[in-house]
Amino acid sequence: MDIYEILKNKGISIGDKIRVDSIEGILMPRTEFVENDVIVLKMNNGYNIGIKFRDDLKIELIEKKKEQKLEKQKHKEFDPSKPTVSILACGGTIASKVEYKTGAVFPSFSPEELIEAFPEIGEIANIKVRKLFDLFSEDMQPEHWKIIAQEVAKEIESGVDGVVLMHGTDTMHYTSAALSFMLQDLPVPVVLVGAQRSSDRGSSDNRVNLVSAILFAAKGEIAEVVVCMHESSNDDYCAVHRGTKVRKMHTSRRDAFKSINISPLARVNYFERRIEYLTANFKKRDKSRKLKLDTNINPNVGVFYFHPGSKPEFLREMSKFYEGIVIAATGLGHIGINPGNDKLAKNFLPVIKELIEKGIPIVFAPQTIYGRLNLNVYSTGRILEKAGVIGSLCDWTIETALVKLMFVLGHTKDMNEIKKMMLTNIAGEINERIEYEL
Amino acid sequence: MRELSMNYKELGLKVGLEIHFQLDVDKKLFCDCSSSMKEKEPIAIVKRKLHPVASELGEVDVAAQFEYLRNRTFFYEVFKNESCLVELDEEPPHNPNEEALKVALQIAKLFNCRIPEQIFVMRKTVIDGSNTSGFQRTMIIGFDGYFEFKGKKIPITQICLEEDAAAIDREENGNVYYKLNRLGIPLVEIDTGVIEGFEPKEIEEIAYQIFLIASSTRKIRKQIGAIRQDVNVSISGGERVEIKGVQKLSLISKVIEKEVERQLELIKKGEKVQKETRAAKEDGTTEFMRPLPGAERMYPETDIKPIKTEDILKNLEIPELLNKRIERYEKEYKLSKSLIESLLKTDYFFFFEDLARKFPKIEPTVIASVLSSTLKEIERKEKVEIKLKEERLIEFFDALNRGFVFKEAAYDILKKMNEGKSVEEAVKELGLIPLTKEEILKIIEETRKEVADKKKLIGVVLSKVRGRANISEVIKMIEKLS
């Protein structure tokens with residue numbers, strides 16, 4: 001029995017004002033945690049409570065829900081003295097409104113709503129806003145990256161001074177890596193931005209992040225794909241990270257995004273609206289440069305996470321689903337090959353050789369996240385490299401290695417060519433010098 | 001001189017009380033941080049801005065909020081063990097503290113409240129910076145309750161369990177400093193309906209009754225600042241004025257009287273009383289804070305699952321009402337009203353009975369006065385903090401019960417024990433090893449040679465054996481000899 005169905009038959013639906021016994025309130029929608037026989041009521045004092053349905057419960061309709069009219073905001077005039085920034089929304093609600101009456105949270109996507117929520121962005125640039133899709137970060141697929149890259153290219157070709165991508169944070173670093181490979185010779189910055197705290201709360205990091213991202217897109221000198229997010233727990237600076245070197249390093253903190261094995265490229269001072277560059281080693285903004293769009297990728301690449309107890313058979317099984325495999329290897333780049341013929345140890349070498357012979361490239365990336373792989377130091381590494389494993393001397397993240405292998409396999413099936421492309425620095429994914437202070 | 005003969009009934013005095021109690025539980029409401037507030041120095045300071053949140057059109061003046069917040073930067077002081085990523089708004093809340101939930105439900109039951117079958121945690125928008133998140137998490141635990149006072153039903157409209165806000169440390173040029181250690185401590189708010197037909201003094205008694213009923217759970221903090229009340233006052237021809245932050249229960253009648261006077265004066269002058277929020281000062285007077293806020297801006301806390309109350313209520317023990325216990329203390333243990341009252345001000349009100357039952361040879365009044373006055377006296381005179389845990393006090397009373405120490409030495413021994421000494425060590429250091437019968441007789445005999453008068457003799461002997469013997473037994477011995 002679903003009490004909400006029974007109520008519906010009585011002409012009562014969500015949002016109506018009702019009386020349950022002596023308690024007045026608005027009938028609220030139910031979440032997945034509330035059972036079928038419970039009525040959720042928003043009382044006049046604003047609190048929600050759950051009342052279990054009984055046959056003797058008196059339920060009356062007091063008032064049907066009133067439709068709210070939304071006022072149209074005035075369109076902001078185009079100001080030719082200001083740069084123009086395109087905002088493309090891919091999901092993640094970086095801006096939203098709360099309807100306290102019902103407790104509902106509505107995402108905002110129109111430029112008017114964004115400027116209403118963040119008046120200061122109108123002072124920085126002329127804003128164009130377009131919604132591409134409304135996806136949770138975890139629902140993003142390699143095919144979506146292609147669409148995003150094509151749409152970004154369209155905006156850049158229309159002559160904007162920068163593009164901002166609003167994106168859910170969980171897989172933002174996969175998207176930023178993919179776009180880094182697909183959008184080559186960028187004339188202007190492409191800035192990915194998100195929020196770690198939902199936009200319905202006064203403490204959300206959305207404002208600092210979005211304002212900084214728009215400022216960087218409009219005026220930043222770095223014509224690369226970058227991620228712009230909180231630098232620390234403070235609401236003062238945002239760090240600008242290279243799209244291929246950034247990783248989400250925390251489940252919940254505002255400063256979850258960190259550059260791995262490299263310094264962030266720049267930081268944005270939110271209070272002073274100022275950009276500070278931390279390196280000179282980047283591609284400079286040049287609107288005359290011709291963008292090269294290359295969306296050829298092969299999404300059939302998977303990651304095998306090596307661990308004590310992991311099974312060579314499973315790696316072999318993976319080759320039925322994937323045309324390339326990234327192995328998250330231990331230490332400097334090791335997986336078990338049991339050179340001492342231990343009774344309990346497992347030997348991955350036969351399956352590695354077998355897969356490479358079948359034309360499935362095996363790429364290593366460090367489980368340790370920080371540091372560079374080096375397959376020359378221990379004999380295990382040397383044997384694996386001889387077997388054809390790719391990745392020695394690379395300092396890429398697992399995610400960037402995965403995306404790069406997809407990109408490379410979108411261009412060639414030849415193992416030598418694959419190896420050559422993988423080891424060529426395409427979009428700053430390999431850093432030759434890891435400095436001490438990092 | 002204040003008019004003492006004001007007729008509050010004729011003035012149409014209406015009062016509503018909102019009483020907040022911190023719960024005396026170890027952990028915070030939505031994380032596992034300690035709620036002890038012992039740390040003095042912050043280990044870090046985090047800088048934050050809050051932003052206006054747009055809501056349904058026309059309801060909130062976002063522009064005004066924006067201007068207000070643009071000029072304010074909040075600094076949060078982080079304390080070791082007492083604040084984590086949850087207080088910093090860097091991690092979602094954990095499940096609600098089960099103990100706090102149980103205590104709140106007990107309180108709701110004691111006030112005869114209706115308890116929802118499912119409890120929903122809500123976010124109440126707060127933009128003064130006292131919550132890092134920009135909202136306070138709060139939930140209704142019970143509603144439509146009452147309790148009886150002088151034969152009348154006092155309505156309890158709602159009881160909420162919520163997280164306490166961060167306490168403000170200082171404010172300089174729009175930079176507001178908050179301490180994160182108080183943020184998240186479980187707080188119960190008890191709201192009365194309109195109370196009419198009572199004198200301000202009686203309303204203060206009503207507030208005290210609310211405190212007593214809630215205290216029946218043994219889990220209410222009594223320290224200054226752990227109990228705070230807001231008082232809504234109106235009279236005929238006046239307006240509802242909310243007075244925030246009355247720090248002591250004993251200030252309530254004064255605050256009401258002063259507010260009635262203030263409203264009467266305005267009416268006399270022909271001015272209109274404004275609906276507003278005023279802040280209580282220590283002397284019972286008030287100052288303007290802000291216009292009365294509109295309806296609370298609340299929406300659901302989606303990070304926490306709704307709580308089913310059925311199973312918790314099944315196993316919930318309903319504590320004995322404190323009033324019943326007070327009556328029992330009077331009858332069973334022959335404690336005087338004033339002794340009970342001072343015992344109530346300590347953390348040992350319930351502990352008293354455990355001791356009285358465990359140590360039947362000690363006079364209950366002795367236990368009560370050691371707990372309520374000796375310990376306070378040590379604190380005051382020695383300027384120390386009493387750190388004795390319950391098991392150390394049991395150690396002391398056990399020695400008293402065995403005749404190893406005597407009540408006259410309570411002050412000195414407890415002082416030593418508070419410094420970390422055991423009873424035995426304290427007794428040795430103070431030279432208070434109990435005298436044997438023979439030793440006492442010897443002292444009496446020797447003294448008798450010098451003092452002839454019996455009354456004087458008793459006095460001198462007692463001063464010589466003080467803290468080392470049972471006085472009534474010594475007197476009996478002197479009586480027998482002479």
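**Entry 1: chain A, overall**

I began with burial in chain A, where 45% of the 438 residues count as buried. I note here that the model is predicted. I counted the secondary structure of chain A next and found 11 helices and 22 strands. Taken along the principal axes, the C-alpha atoms of chain A fill a box of roughly 80 × 65 × 35 Å. I then looked up how far apart in sequence the contacting residues of chain A are. Among contacts between residues at least 6 apart in sequence, 67% join residues at least 24 apart.

**Entry 2: domains of chain A**

I looked up the domain assignment of chain A, which gives domain 1 (3-63), domain 2 (84-293) and domain 3 (301-423). Between the C-alpha centres of domain 1 of chain A and domain 2 of chain A I noted a distance of 41 Å.

**Entry 3: nonpolar cores**

I asked myself which residues touch the most other members of the largest nonpolar core. They are Val164(A), Val191(A), Ile214(A) and Cys228(A), in a core of 102 residues. This core draws at least three residues from each of domain 2 (84-293) and domain 3 (301-423) of chain A.

I took Val164(A) as an example and listed what it touches, leaving out residues up to four places away in sequence. The list is Val85(A), Ile87(A), Val191(A), Val193(A), Ala213(A), Ile214(A) and Ala217(A). I also noted a second, separate core of 78 residues, which includes Ile19(B), Leu110(B), Phe143(B) and Leu322(B). As a general remark, nonpolar side chains in soluble globular proteins tend to be buried together.

**Entry 4: helix α8 of chain A**

I picked helix α8 of chain A, residues 349-357, and looked for its buried residues, which are Val351(A), Ile352(A) and Leu355(A). Why do the buried residues of α8(A) line one face of the helix? Seen down the axis of α8(A), they fall within an arc of 105 degrees, so they share one face. I checked the face turned away from the buried side and found the exposed residues Pro350(A) and Glu357(A) there.

I then looked up what covers the buried residues of α8(A). The cover includes the helices α7 (312-318) and α9 (379-386) of chain A, along with the strands β21 (324-329) and β22 (362-366) of chain A. After α8(A) comes Gly359(A), with a positive phi near 95 degrees.

**Entry 5: chain B, overall**

I moved to chain B and counted 16 helices and 17 strands. Of its 482 residues, 40% count as buried. The C-alpha trace of chain B spans about 95 × 55 × 50 Å along its principal axes. For contacts in chain B between residues at least 6 apart in sequence, I found that 70% join residues at least 24 apart.

**Entry 6: domains of chain B**

The domain assignment of chain B gives domain 1 (8-312), domain 2 (322-430) and domain 3 (437-481). The C-alpha centres of domain 1 of chain B and domain 2 of chain B lie 35 Å apart. I asked how many residues each of these two domains gives to the contact. Six residues come from domain 1 of chain B and four residues from domain 2 of chain B. I sorted the domain 1 side of this contact in chain B by class and got two nonpolar, two polar and two charged residues.

**Entry 7: helix α9 of chain B**

In helix α9 of chain B, residues 349-358, I found that Phe349(B), Phe352(B), Leu355(B) and Ala356(B) are buried. Seen down the axis of α9(B), these residues fall within an arc of 100 degrees, so they line one face of the helix. I noted the elements they pack against as α7 (322-333), α8 (337-344), α10 (364-382) and α11 (390-402) of chain B.

**Entry 8: one residue, Lys254(B)**

I located Lys254(B) in helix α5 (residues 252-268) of chain B. Is Lys254(B) buried, exposed or partly exposed? I counted 18 other C-beta atoms within 10 Å, so Lys254(B) is partly exposed; a buried residue would need 20 or more. I also looked up its separation from Asp283(B), 29 residues apart along the chain, and the C-alpha atoms are separated by 8.4 Å.

**Entry 9: confidence**

I finished with the scores. The mean pLDDT of chain B is 90, and 95% of its residues reach 70 or more. The model scores ipTM 0.90 and pTM 0.87.

How values were computed
Residues numbered from 1 in each chain as written. Chains lettered and ligands numbered in written order. Buried ≥ 20, exposed ≤ 12 C-beta atoms within 10 Å, placed from the backbone. Helix = DSSP H or I, 4+ residues; strand = E, 2+ residues; numbered from the N terminus. Arc of directions from axis to C-beta. Contact = placed C-beta atoms within 7 Å. Domains from an automatic or database assignment. Nonpolar A, V, L, I, M, F, W, Y, C, P; charged D, E, K, R; others polar. Core = buried A, V, L, I, M, F, W, Y, C linked by C-beta atoms within 7 Å. pLDDT = per-residue confidence, 0-100.
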